[in-house]
Amino acid sequence: MKKGYRKKNKNNVIILSGTKYLFIATVILFAVVFLLTRFTSTAKNNEEEELTTPVTSIITTAPKEEKVNIDNEWAMFLVNNQNPLPDNYDSIIETSLVYTSWREYYMDSRMAKYMTNMLEAAKADGITLEVVSAYRTIEYQQQNFDNSVQQRIDSGMTYDEAYADTAKEVAFPGKSEHNAGLSADIMSPEYTSMDDDGFKNTEAYAWLSEHAAEYGFILRYPEGKEDITGIIYEPWHYRFVGIYYANEIKESGLCLEEYFEEQGWLDENGKAIKMTGPVELPQEEPTVTTVPDAAQPTETRSEQKVSIIV
């Protein structure tokens, strides 16, 4: 037998010589290195392919966000002590008749139909809503404020006390939403007193709470928000902001000032940096909900009662 090939031990078992053993070990080592190289190369190629995938192909596979359809965006602006109306507002606004009782009530022509539709819808549901105040000129608002101050003085307050107390219930001229033509005080035969907040217990209030947003209106001075709005809780005071924003605000549970702040539309002094409404006219007629016709109510109210509300 040649050296380096194979031999048998005493038990006749063939034992590989050192040369043959080395050869087999080398083959196995080559195989392991080859497989590791192939695996590493494949992983690297996959990683490079992943990194070089165009970003656009990833983006285009995501669902497209639907564009939000915001109606009457012109009406979404603040009117309060920090945000007065333009001095010439009375010469800018155009109004239309929305309600008739012992007198006629007008609101901004751009949203008047929303109010009349809401009144008719309530009527169709068996609810009578009465408008007791709507658009007021700045001159009329001044008379409102002065009369309210005088009434308090007559009841025993000093002028300073009467002025401060009036400011909680009656907005300053040019700073009242009624001057903007977008707000109305709405009550019903169920409850006609504005000396307290008893209107909130009526069926009319319940109907407005459920449906007002469908016509673009919000409860402008909610309960518990007095420190923010600067006005007492008024369950009868409704403000038009458009259907989209009315539903947004209703669902949020915020008052208008809080909603503006949440959206980042107020500066540190409470001055609105979003101001599109008072002097901007729409370019097309808004789409409004159609409802059955309703007869105009004939209830009357005293002018004195109207003179002490915002």
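## Rings and charges in a predicted fold

Phenylalanine 217 is buried, with a relative accessible area of 1%. Phenylalanine 240 is buried too, at 0%. Here buried stands for under 20% relative accessible area, exposed for over 50%, and partly exposed for anything in between (1.4 Å probe, protein chains only).

Before going on, a word on the model: it is predicted, so local features need pLDDT of at least 70 and side-chain atom pairs count only at pLDDT 80 or more, while totals for chains, interfaces and linings use all residues. Residues are numbered from 1 along each chain as its sequence is written, and side-chain values use heavy atoms, with hydrogens and water left out.

**The chain as a whole**

The protein chain holds twelve helices and eight strands; these are DSSP runs numbered from the N terminus, with helices (H or I) of at least four residues and strands (E) of at least two. Of its 310 residues, 39% are buried. Taking the contacts (heavy atoms within 4.5 Å) with a separation of 6 or more, 71% join residues 24 or more positions apart. The accessible surface comes to about 18300 Å², and carbon and sulfur atoms hold 53% of that. Such areas follow the Shrake-Rupley method with a 1.4 Å probe, and for residues only the protein chains shown count as cover.

**Aromatic pairs**

The whole structure contains twelve aromatic pairs. One of them is edge-to-face and joins phenylalanine 217 to phenylalanine 240, at 5.4 Å centre to centre and 65 degrees between the planes. Phenylalanine 217 belongs to strand S7 and phenylalanine 240 to strand S8 (residues 237–240), so this pair ties together parts 23 residues apart in sequence. Tyrosine 259 and tryptophan 265 are also edge-to-face, because their ring centres lie 6.1 Å apart with the planes at 75 degrees. For the record, rings of Phe, Tyr and Trp (its six-membered ring) pair if their centres lie within 6.5 Å; planes under 30 degrees apart are stacked, over 60 edge-to-face, and the rest tilted. Ring pairs also link Tyr244, Tyr245, Tyr259, Phe260 and Trp265 into a cluster.

**Salt bridges**

There are ten salt bridges in the whole structure, each a side-chain nitrogen of Lys or Arg within 4 Å of a carboxyl oxygen of Asp or Glu. Arginine 152 and glutamate 169 meet in one of them, at 3.4 Å from N to O. Arginine 152 sits in helix H5 (residues 138–154) and glutamate 169 in the loop between helices H6 (159–167) and H7 (177–180), 17 residues apart.

Glutamate 177 bridges to arginine 220, with the closest N and O atoms 2.6 Å apart. Here helix H7 is linked to the loop between strand S7 (217–219) and helix H9 (226–229), 43 residues apart. Both glutamate 177 and arginine 220 are buried. Glu177 and Arg220 are linked with Arg239 and Glu257 in a salt-bridge network.

How exposed are some of the other residues in these pairs?

| Residue | Relative accessible area | Class |
|---|---|---|
| Arginine 152 | 10% | buried |
| Glutamate 169 | 22% | partly exposed |
| Tyrosine 259 | 3% | buried |
| Tryptophan 265 | 16% | buried |

**Charges over rings**

Arginine 239 has its charged end over the ring of phenylalanine 77, 5.1 Å from the centre. Arginine 110 lies over the face of tryptophan 74, 3.8 Å from the ring centre. A charge sits over a ring if NZ of Lys or CZ of Arg is within 6 Å of the ring centre and within 35 degrees of the ring normal.
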